[in-house]
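Here's a quick briefing for anyone meeting this structure for the first time. Have a look at it, then read on.

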Amino acid sequence: QKAKAKLTARLRRAHRGKLKSTHRGCRPSTGSACSCSSPEHYPYSVQLLFCPQITPVAHQPIMDERTDLSAVPSMTVDPSFLEKNAQAHTSVLTAFADLIDNGKEAGATTVLVDTRKKSNGQGRPAQHIVRISDDGCGMSEAEVRKGLMSIGYTEKDMSTGKHYGFGSKTSIPRIGSYALIFSRNARRRCVLGMVSSAFSRAAGASDTKLPLCSWEASAESFTMISATSADAPLKRSERVASLHHILACSRCPFKDESELLREFESLGSAQSGTGTRVVVWELSKDIDISSAHDLRAPALPDVPFFSLRDYASVLYLKVGCVVEPRVRIVINGQPVVPRDWHQNAYLRELRQEESLPTPNAKDVASQFEGGAKASGSAQAVARGGSATLCLGYPLSIRSLASVTSMAIGEPGAAEKKAAIQTHTGFFIYHKGRLTRSLEKVKTMTHNGGGHVTSERRITQLGIGLTGFVNEDYLFATHNKAAYADVKLFGALLDAVDAKCRAFLRRVVTPKYAEARGLLPPNMPKSPAPPPAPKPKPSPLSREGLAEQVRNEVRMKPRDASDPAVGRVVASDSKGRYRLRARDFSLSEKQYLARELVATQFDPKNDLPAGTAAAPTSLRGAVVNVWWLPDPSTNTGGRYWEATLSAPPVGVRAPSGKGWFALKYSGFGQDEDESVFVAITPGDAGRYAAFREDGEVLMGGVEITWAKSSQARAAAAAAELARAAAVESAQAAASELAHSVSGSPLPFAQCTPTPAPAGHQRPGPPPTAAAPLRSLAECTPFEQLSRAPVGAAAALRQVFVPRHVWPHEACDEHCGAGWTAEVVHETSTSLLLRFPHARDSHGRPFERVRLLPAVVQPIEAWASARERRDQAPTGVALPSENAPARALPTMTTSAATSSSQVSRRRLR
């Protein structure tokens, strides 16, 4: 209403001066016709505004000939349009794939592609034809007319991607010059159409002509449709003319109408009876049909395939039983086997799946018409965009390394290397449909500069690496061989490149080192380091690491928060370096020369917990040390025999306890090296050696004891265990002296006395205590420490279970344990005295030191005993001679007491 009011005011202002005198004599009440409506140069709408006597006519529109759209000329499609539009498919294989997509989207389960020779029997030579058939839902005459006689028309949704309405108009002319389309739907309507630029040009037409005809199929015959309806919009005369021109076409492989109708009888499956078939003749020059079971075409950069069978095997994504194609493709009677990307199928080596970063929703929505204000389905695609990556190797790393290391003049080397290079890259899928084949990321396109070794080709340039990317948010161009949004596609490739570089560093490089014999057997994998924070700018500067890189010096970052450490190697970027771990995996971060510093082993800080420096008694022991292979030979690493000797005397050579010199048999002094040997006391099987730069040689993997030196290593471990026991006893005595007198006594006075004759003192477990001794058996210092405590001292009482000293007599608590008092308490031990326990001569026992976990409060034990006495038969309670938290819950029987069961379980 507002718009109408504005238009009325504008028209009144424009025509007020011209019509003012004309309408002066009008009388609305007279009912006569207005005399001022006679001027024909004024529109009817303007007369209606100024003259209220004019009666509006319902069927007369308020517009003039200037707003009639039917008067605007329409576009005329030249006969050469189809041939020119076919250039959208650079490869004929993508044109076949487009027709297979049409069958799949029509609900087909099988698509047949076959070639044969056919003649119409009218003296013309037989010619090769290609048929593409499916068992989909078929099409009506109206659907074929809209699909073939219109440009950009489509009724498909976005479930399979974005559609442009160019599919059949680009793919069919790319395969051949002439094509007939046979289609049969569920209503038994049979439609025949022709798509050909050559037909229109031969007929002398000024625009593109598309003959179209349809029949009604019955059980016995076919009847041409005469009536016009919504499903069949053509007239009978148009159908008759179309059929005549189809049969009169140059080199048509069908001689009459009956032969055309026989194609409908063999169309579709036996169950549905519906489907579509495209018959193409005068094939394109780049189609090779000489193979009995395949069609071939020249390989192109964007479609690097020579065979339609090979291209169809990767056209739809298959990952085991999780993702399977919904359509079966058969070429010349032989089914196409889809490539299975599942584990141990195609990617047999180092297969790994990764999730790629989620794209920006606004960037995804910009692909649609309307951008951020697109339809609801477009917004759903934009919000739920995701992509997954699967990568690995179809060949083993060992086989790949042997091929890449072949000499240039070696027979077959060039062909094998070219085959590996050709099959390097990723297949890009959109919702399971192939878009880009063997797309190479930035890492794979780097030439490396100069001479590139086999190791660098595999571990840094990613030769032989392949896989797939399955995304659901990028829309392809109308030929489905490229992406419309180059920015989004570039961001996807950058994410794949980052994952690829990390995969080469952490997985491929150690595997290559293992395949080439650079790692010893059973070498454990290094854990993935946490992401290092960005270092602060350092004012330090130093020269390049040319000498350090040449010698592969072991270095670490100057930033203490960065945990990376390893041998320094040159990176792809000039002036930057990476750190190679001992399993040959490379650090994720690249470093400048001034950000690195050489490492050095310090026994005080770097010695592992639970180990001690090896004693000098190991001098002369023989070990086997793993060596990397000689670069001049093509052999793997091996163990070399060496002898532990006294460290060399020199200013720079390390010396002291634990340091030895490794002297290799058969080599001079130049090959000797200094190592620090660490052994676990009491366990000769747990040991390691450290070089001067801090690199660890894992015991049992990179350094092993020779058979002749295993006994000597066991003796050294036992010697360390005895020394640790003496040191622990001295520390306990010093702590005891400090708790009684307030000042520690010399260690000579704290040495424990040996056990009496006939009483063997076994090495106690961590939760056990030494056997009890009477006061007369103690040293003078121990007797002094056991002096009675004053009556005023209030000591905490605890309960010591009987299983601590199972061979000692106990007459307290019905033989379940002893009552003890805490004399002194620390965070790790308790000094106890026994107020009631006596030996056979009536003498009190010595004070002992136990762990807090061994004893329990006397109140808790008494309460547990009371519950035990009151509990009915069959109810299990904690035993009285062991801590309650150390025993499992179980029921008792009449023959076995709970205390006996508990003791047996503890042992």
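Which residues in helix 13 meet helix 14? They are Leu400, Val403 and Thr404, and on the helix 14 side they touch Lys416, Lys417 and Ile420. Keep in mind that this is a predicted model. The points below start with that helix pair and then move on to the sheet.

**Helix 13 and helix 14**
- By class, the contact between helix 13 and helix 14 has three nonpolar, one polar and two charged residues.
- Helix 13 covers residues 397-404 and helix 14 covers residues 413-422; they pack at an angle of about 125 degrees, and their axes are 9 Å apart.
- Because angles from 65 to 115 degrees count as roughly perpendicular and those over 145 as roughly antiparallel, helix 13 counts as oblique to helix 14.
- The crossing of helix 13 past helix 14 is left-handed.

- Nine strands make up an open sheet with mixed pairing, and their order is 6-5-4-3-7-2-1-8-9.
- Strand 3 (residues 176-184) and strand 4 (residues 189-195) run antiparallel, joined by six bridges.
- Alanine 179 has valine 195 of strand 4 opposite it.

**Helices lying across the strands**
- Helix 4 (residues 92-105) lies across strand 1 (110-118), strand 2 (127-134) and strand 8 (328-331), and runs at about 35 degrees to strand 2.
- Helix 8 (residues 236-247) lies across strand 3, strand 4, strand 5 (212-217) and strand 6, and runs at about 105 degrees to strand 5.

Technical notes
Residues are numbered from 1 along each chain as its sequence is written. This is a predicted model: local features need pLDDT of at least 70, side-chain atom pairs count only at pLDDT 80 or more; totals for chains, interfaces and linings use all residues. Side-chain values use heavy atoms; hydrogens and water are left out. Two strands pair if DSSP finds at least two bridges between them. Helices (H or I, at least four residues) and strands (E, at least two) are DSSP runs, numbered from the N terminus. Contact means heavy atoms within 4.5 Å. Axes are lines fitted to C-alpha atoms, for helices over the stretch in contact, and angles run from 0 to 180 degrees between N-to-C directions. Angles under 35 degrees count as roughly parallel, over 145 as roughly antiparallel, 65 to 115 as roughly perpendicular and the rest as oblique. A crossing is left-handed if the near helix is turned anticlockwise from the far one by less than a right angle, and right-handed if clockwise. Ala, Val, Leu, Ile, Met, Phe, Trp, Tyr, Cys and Pro count as nonpolar, Asp, Glu, Lys and Arg as charged, and the others, Gly among them, as polar.
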